[in-house]
Amino acid sequence: MKLLRAGLPFAAIAAVLAAGPVVAAPKPKPAIAAAPLSTWSAAWGIAPLQSVAVARPNELRAFADVTVRQVVRLNLGGDAVRLRLTNELSERSLKVGAMTVALASADGKIQGAPIAVTFGGKSEASLPPGAPLLSDPIALPVKAMDHLSVSTFYVEPTVPAGHRVRLFVSPQGNHTAKSEIPGEQALRGPGLVSGVEVRGAAQRPVIVTIGDSITEGARSTPDADMGWPEQLAARLAARGLDTGVVNVGISGGRLLREGSGPSALTRFDRDVLSIPGVSSVVVLEGINDIGRAAQPGYANEAVTADELIAGYRQLIARAHARGVKIYAGTLLPFEGAMYFHAAGETTRQAVNAWIRSSGEFDGVIDFEAAMKDPAKPSRMLEGLHSGDFLHPGDAGYARMAETADKALFGAR
């Protein structure tokens, strides 16, 4: 250490070092190659849901020895696709006997020959309890706004823990290789596919929207992609913006507590932060938390504005920890809805005031300002709601998409 004290001439140091024993320089360790950036981006997705034992009218829950087709609209293009199957919310393993994928028309008809989907090179697959499963890459070039049909053959009785979507269910047998399946029926049921990823030269930015039925698109024209996130995606695609939109809204969802599915706090990391390419998230959640207390038997679940704000702050912290921007949508007016109550309106206004003024979100999408009746701000403007004073109709969702577009991209 004395050799290196300040003021010792460099020549003296060199001489001392030269006089010492010659020690071979250690061999450099092999450089660790930097992992290449992912070229997969989410082009479509939905949130997993627990399986429900009792079916609603015209819904099917259990599949056995049938082929089930699920049709989705992609919001990004690429030279290949990869499917994500869901079993995260099930306590049982799930078996896939065979699966194919093909382009489809907007009404769900298969276009072209189906392509076999494999998992580790095998046509059959087993999903363990509580886990998703990614398929092998599938060489199928796709464009934004293309529709994709995924056909799954269930060998044994199966109840997927998936989101309720429109499905096409065949007569008995494996029909996955067919371009046309005579006798199939359109029904509501759980979709096994919870995500579609597309491959590009680089990963593209993806906006994930999380919320309740207003985000899911309830009471819009069924199976027509008329929810506000879907209409936003169409607006971006029409302008040639290479940005994906994934909608993980759940009807009946709440911010703080379980509703029709896990709370936003519970599912945020899985349903939002794990999405390939996620660059920003839009949160529109809390109106079910507020309205719940007005429903018979649930007065003990009343929430305060401070409790909701604490929940939002958790989402903000978790998003920022992953480098993801987070935007808040102001809660829509709901006077006239079945669970409207004066105390809840006061809470909604307090929450919206905090969203606008706190500066804690990366930005604000002022849905309330776009949707309220100027003559009665606690109520949604006539012509924008669907008739229940809670959910927008197609025109209302179109205005929400325009509002989000302006807030996120400055579009006019």
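Is G363 buried or exposed? G363 is buried, with a relative accessible area of 16%; "buried" means under 20% relative accessible area, "exposed" over 50%, and "partly exposed" in between (1.4 Å probe, protein chains only). Keep in mind that this is a predicted model: local features need pLDDT of at least 70, side-chain atom pairs count only at pLDDT 80 or more, and totals for chains, interfaces and linings use all residues. Residues are numbered from 1 along each chain as its sequence is written, and side-chain values use heavy atoms, with hydrogens and water left out.

**The chain as a whole**

- The secondary structure comes to nine helices and 19 strands; these are DSSP runs numbered from the N terminus, with helices being H or I of at least four residues and strands E of at least two.
- The chain has 412 residues, and 51% of them count as buried.
- Take the contacts between residues at least 6 apart in sequence: 79% of them join residues at least 24 apart. Contact here means heavy atoms within 4.5 Å.

**Around G363**

- You'll find G363 in strand β17.
- Leaving aside neighbours within four places in sequence, G363 is in contact with I326, Y327 and A328.
- V282 is 81 residues away from G363 along the chain, yet their C-alpha atoms are separated by 9.3 Å.

**Helix α6**

- α6 has 17 residues and reaches 24 Å from its first C-alpha to its last, close to the 24 Å expected at 1.5 Å a residue (the expected span is 1.5 Å times one less than the number of residues).
- The buried residues of α6 are A305, L308, I309, G311, Y312, L315, I316 and A319. They cover an arc of only 160° around the axis, so they sit on the same side of α6; the arc is that of the directions from the helix axis to the C-beta atoms.
- What covers the buried residues of α6 includes α4 (264-273), β15 (278-284), α5 (287-292), β16 (325-329) and α7.
- Just after α6 comes G323, which takes a positive phi of about 75°.

**Aromatic rings**

- The structure holds seven aromatic pairs. Rings of Phe, Tyr and Trp (its six-membered ring) pair if their centres lie within 6.5 Å; planes under 30 degrees apart count as stacked, over 60 as edge-to-face and the rest as tilted.
- One of them is Y312 with F361, an edge-to-face pair at 6.0 Å centre to centre and 65° between the planes. This pair links distant parts of the chain, 49 residues apart: Y312 is in helix α6 (residues 305-321), while F361 is in the loop between α7 (342-357) and β17 (363-365).
- Both Y312 and F361 are buried, and ring pairs link these two and W354 into a cluster.
- F334 and Y339 also make an edge-to-face pair, 6.0 Å centre to centre with 70° between the planes. F334 and Y339 are both buried.

**Charges over rings**

- The charged end of R69 sits over the ring of F168, 4.7 Å from its centre. To count, NZ of Lys or CZ of Arg must be within 6 Å of the ring centre and within 35 degrees of the ring normal.
- R292 lies over the face of Y298, at 3.7 Å from the ring centre.

**A buried threonine in a loop**

- T158 lies in the loop between β9 (147-154) and β10 (164-172), and T158 is buried, with a relative accessible area of 5%.
- A polar atom of the T158 side chain lies 2.7 Å from the backbone oxygen of E156.

Note on methods: Polar contact = N/O pair within 3.5 Å; in protein donor to acceptor, adjacent residues only side chain to side chain.
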